[in-house]
Amino acid sequence: MLTFHMDYFTQKNDQWRVEDVSLKSIAEDIHTPCYIYSQTALINAWNAFHTAFKEYPHQINYAVKANSNLAVLNVLSSLNSGFDIVSGGELFRVLKANGNPEKIIFSGVGKTTAELKAALEANIGCFNVESLAELLRLNTVAIQLKKMAPIALRINPNVDPKSHPYISTGLEENKFGIPIFEAIEHYKQAATLPGIKIKGLAFHIGSQVTSLAPFLEALDKIIALIEKLKAIGIIIPQLNVGGGLGVRYQDETPPTPEEYVTAILSKLNNSDLTIHIEPGRAIVANAGVLLTRVEYIKKQGSKDKYFAVVDAAMNDLIRPTLYGAWQDIIPVNPGALHQVPERLFDIVGPVCETGDFLGKDRMLSIQEGDLLMIASAGAYGFSMSSNYNSRPRAAEVMVHQNAYQVVRTRETLADLVKGERIP
Ligand code: LLP
């Protein structure tokens with residue numbers, strides 16, 4: 001049997017703790033629903049990538065979209081992390097969290113002129129350019145600002161990451177990147193543009209990738225391309241291999257950060273490329289849970305099947321319904337455990353959609369008022385949450401050793417209508 005995959009969430013004497021703080025005590029103070037992150041888990045996950053590189057020149061650009069809370073960003077910036085951003089909003093957050101602008105990489109297919117300008121003015125480290133049209137626009141904006149824009153072209157290597165179709169990005173039918181067969185032409189053009197400075201080459205094949213093979217297949221193609229570019233005098237100093245390393249939610253056995261980094265480095269014998277990576281999920285997913293309370297238990301239909309209606313919903317955590325994602329659901333109430341027989345449950349929220357579920361077909365011993373934790377919710381949890389059904393967004397809490405802090409207060413009813421006006 002696999003052991004529980006969240007190292008800093010442990011059960012002792014029927015008490016679930018994150019680091020040295022009981023989840024029950026946080027729920028009593030902050031109420032539910034609420035996201036809880038372990039600072040030590042974050043730091044250790046980041047360090048696992050960093051130490052795997054040993055002396056090899058590298059930069060870890062945490063993918064901000066996975067969890068963009070300022071406290072999370074600040075913990076990583078204090079480790080001297082870089083950041084992968086995809087919007088002007090993420091740029092604003094990273095700068096506010098004390099991130100080093102020179103270590104910011106700007107990805108994404110639809111950067112607006114205003115976003116390009118803001119990033120140039122902040123002197124970010126690199127634009128990962130995804131089309132010829134974007135390259136030309138960036139060149140124009142940079143010339144207007146009397147700057148040179150540092151760029152990598154994001155190349156689409158046409159490799160199947162064998163992940164969910166919504167989060168596969170490196171196939172030629174996806175909207176991302178420049179097709180690999182057009183790469184040389186685009187680099188030749190980039191080299192002629194006065195507002196553009198070629199810094200590197202980037203690719204990203206998808207997310208929740210659980211084997212090394214797709215990364216290595218893409219790397220082979222990209223390394224061959226870098227050789228061809230060199231032969232025509234275009235030198236690529238840095239190679240960004242993207243993010244996408246998967247994590248365990250249930251019984252997946254993805255490569256560890258060390259195995260992943262070692263495999264990448266093994267392809268680069270004697271090269272002088274600086275390697276950039278953009279992990280998001282592998283740093284935060286298993287550093288966080290969503291805590292929720294059972295409001296009602298109801299039985300529906302003739303089958304021996306129950307619904308646990310909880311106070312978190314698809315607006316708080318959309319992954320189960322959007323991708324059919326499985327995340328563990330665990331009762332955390334000391335004392336309440338085992339008082340009732342195990343029954344088969346769908347765990348659902350109060351939102352008025354049948355698609356509002358957090359987990360299906362779970363055997364659980366739970367009753368009204370019990371606390372549940374939804375595991376592996378640190379990545380793409382809060383950051384994808386919304387106000388659907390006019391539900392204020394959840395609070396977020398960061399735990400470090402035996403102390404915790406609210407790092408985002410629960411939204412209020414006034415927050416819900418902020419900016420709205422009756423004419
Ligand atoms: N770099 C780029 C260019 C990306 O598009 C992404 C993720 C990453 C890095 C980080 O990937 P990661 O290491 O986190 O796999 N909402 C989905 C995941 C969407 C990923 C989008 N791009 C989910 O909840 O599964």
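Trainee: Which residues line the largest cavity?

Mentor: This is a predicted model, in which local features need pLDDT of at least 70 and side-chain atom pairs count only at pLDDT 80 or more, while totals for chains, interfaces and linings use all residues. Residues are numbered from 1 along each chain as its sequence is written, and side-chain values use heavy atoms, without hydrogens and water.

The lining of the largest cavity consists of Ser107, Asn128, Arg154, Ala202, Phe203, His204, Asn240, Gly242 and Glu278. A cavity is a set of points on a 1 Å grid over the protein atoms alone where a 1.4 Å probe fits but cannot get out; lining residues have an atom within 4 Å of a point. Five lining residues are polar, two nonpolar and two charged, with Gly counted as polar and Tyr as nonpolar. The largest cavity holds about 30 Å³ of space, taken as the space filled by probe spheres set on the points. The count comes to one cavity of 30 Å³ or more.

Polar contacts (N or O pairs within 3.5 Å) can be described individually. The side chain of Tyr380 places an N or O atom 2.6 Å from a ligand oxygen, and that of Tyr323 places one 2.7 Å from a ligand nitrogen. At Arg281, a backbone N or O atom is 2.8 Å from an oxygen of the ligand. Of the 590 Å² of accessible area that the ligand has on its own, the protein covers 92% (Shrake-Rupley method, 1.4 Å probe).

Definitions and conventions
A polar contact is a pair of N or O atoms within 3.5 Å; within protein, one must be able to donate a hydrogen and the other to accept it, and residues adjacent in sequence count only if both atoms are side-chain atoms. On a 1 Å grid over the protein atoms alone, a cavity is a set of points where a 1.4 Å probe fits but cannot get out, and a pocket is an open set with protein on both sides within 12 Å along at least five of seven lines; lining residues have an atom within 4 Å of a point.
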